[in-house]
Amino acid sequence: MAAHKDYRLLCLENPLLDIQAFGNEDLLKKYDLKANDAILAEPKHLDIYEDLLNNYDAKLIAGGAAQNTARGAQYILPDNSVVYLGGAGDDKYAAILRDACKQAGLRVEYRVDPKIPTGRCGVVITGHNRSMCTELGAANHYDLEHLKRPDIWALVENAEAYYVGGYHFTVCPPAIMELAKQAAEKNKPFILSLSAPFIAQFFKDPLDESAPYWDYVIGNETEAEAYAESHGLGTKDVKEIAKALANLPKANSQRKRVAVITQGTEPTIVAIQGEDQVKEFPVHEIPKEKINDTNGAGDAFAGGFCAGVVDGRSLEESVDMGQWLARLSIQELGPSYPFPKQTYTSR
Ligand code: 26A
């Protein structure tokens, strides 16, 4: 790889510790959870964390969707390529997160709030589904002040691409907008993940405000459908939705927008602004028995894809890198990547 400067990719979102266990229907029912979903915890959910730890042999695993993506991109890129921002506490959970990121070679710059616990996400695995229930804690207190701190803002200015997890719309839309505008001003790619159906449903306004700045928008089929529904697109056809996303009004006209929709084992759909033809990229399936769990599969895809974008690879190859990393991740426990490291090779 050619010489490059450090921390070319800057990511922002919510650092969380995943409390993950294999569960069952009864557990989902007890907390009124769907088998495959991501939600913010309500009071009725708050006992689930202790329940998972005490009764389901839960494991503590570094999570937070964009933090998983950042670790994933760093997995592929040269040392010191990725830096991640978000809010955390000053506690045992934050120490676990810092340790996991350090091992992955990911630089983290948390806004630390010592009075508030680090965010946690209860993850219930049933078959190939995962149900996630998040209490954001300190992650909910990320603010513009941190982003604008001179040492942090220097990282923003230095970076060549930005990745924001859509889950951050529940936390600090102004920070997202700062990165989005910086990207457009300096003609750097701004990559956004749709994150979960509830973002398009319940955080539509801040999502839409950022839309003109998306150079790449990444989501899965259920997120695409939720977007289509909340925006009255009148279709459930993933290709049509991808096209609509790609052709929304755009601030930086120097880059054509690319919309990427993953669909599990079904082909990845890619629509490019102004192009009629939608591309399809079949995934390389692995035998079902090799799948550990799908928690973090989408984040891993985004990590591989971002690594490709930052490294100046073609769109085809960037999608392939995303699919490659997702395939590695679903064979691990939770949103993790295999060590010793495997090396991506172009096909
Ligand atoms: C605001 N919410 C709900 C969230 C999340 C989240 N990351 C940030 N914000 N809810 C779940 N996750 C993370 O998603 C990963 C899998 O895609 C989990 O921590 C998990 O690691």
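Predicted model: local features only at pLDDT ≥ 70, side-chain atom pairs only at ≥ 80, totals over all residues.
View 1. Strand β2 (residues 16–22) runs parallel to strand β7 (residues 119–126), and seven bridges join the two. Strands of a sheet pair through backbone hydrogen bonds, in either a parallel or an antiparallel manner.

**View 2. The nine-stranded open sheet.** Nine strands make up an open sheet in the order β6-β5-β1-β9-β10-β11-β12-β13-β14, and the pairing is mixed. The edge strands here are β6 (107–112) and β14 (279–281), each of them pairing on one side only. From one strand to the next, the twist of this sheet averages 20°.

View 3. Strand β9 (residues 161–165) pairs with strand β10 (residues 190–193) in the parallel sense, over four bridges, and the bridge partner of Tyr163 in β10 is Ile191. Helix α7 (residues 173–185) packs on the sheet, where it touches β1 (9–12), β9 and β10, and the direction of α7 makes about 155° with that of β9. Helix α12 also packs on the sheet, touching β1, β9, β10, β11 (216–220) and β12 (258–263), and the direction of α12 makes about 160° with that of β11.

**View 4. The crossing of helices α3 and α12.** The axes of helix α3 (residues 65–76) and helix α12 (residues 297–310) come within 7 Å and cross at roughly 50°, which means that α3 is oblique to α12. The crossing in which α3 passes α12 is right-handed. On the α3 side the contact is made by Ala65, Asn68, Thr69, Arg71, Gly72, Ala73, Tyr75 and Ile76, while α12 contributes Asp299, Ala300, Ala302, Gly303, Gly304, Cys306, Ala307 and Val310. Sorted by class, the contact of α3 with α12 comprises nine nonpolar, five polar and two charged residues.

**View 5. The packing of helices α10 and α11.** Helix α10 (residues 221–230) packs against helix α11 (residues 238–246) at an angle of about 65°, with the two axes 10 Å apart, and α10 is therefore roughly perpendicular to α11. The crossing of these two helices, α10 and α11, is left-handed. Glu221, Ala224, Tyr227 and Ala228 of α10 make the contact together with Val238, Ile241 and Ala242 of α11. By class, the contact of α10 with α11 has six nonpolar residues, no polar residues and one charged residue.

**View 6. The annotated region, residues 29–341.** An unreviewed UniProt entry places the feature "domain: Carbohydrate kinase PfkB" at residues 29–341.

Definitions and conventions. Residues numbered from 1 in each chain as written. Axes fitted to C-alpha atoms, helices over the stretch in contact; angles between N-to-C directions. Parallel < 35°, antiparallel > 145°, perpendicular 65-115°, else oblique. Left-handed = near helix turned anticlockwise from the far one by under 90°. Contact = placed C-beta atoms within 7 Å. Nonpolar A, V, L, I, M, F, W, Y, C, P; charged D, E, K, R; others polar. Pairing = 2+ DSSP bridges. UniProt positions renumbered as here; feature names shortened; annotations may be inferred.
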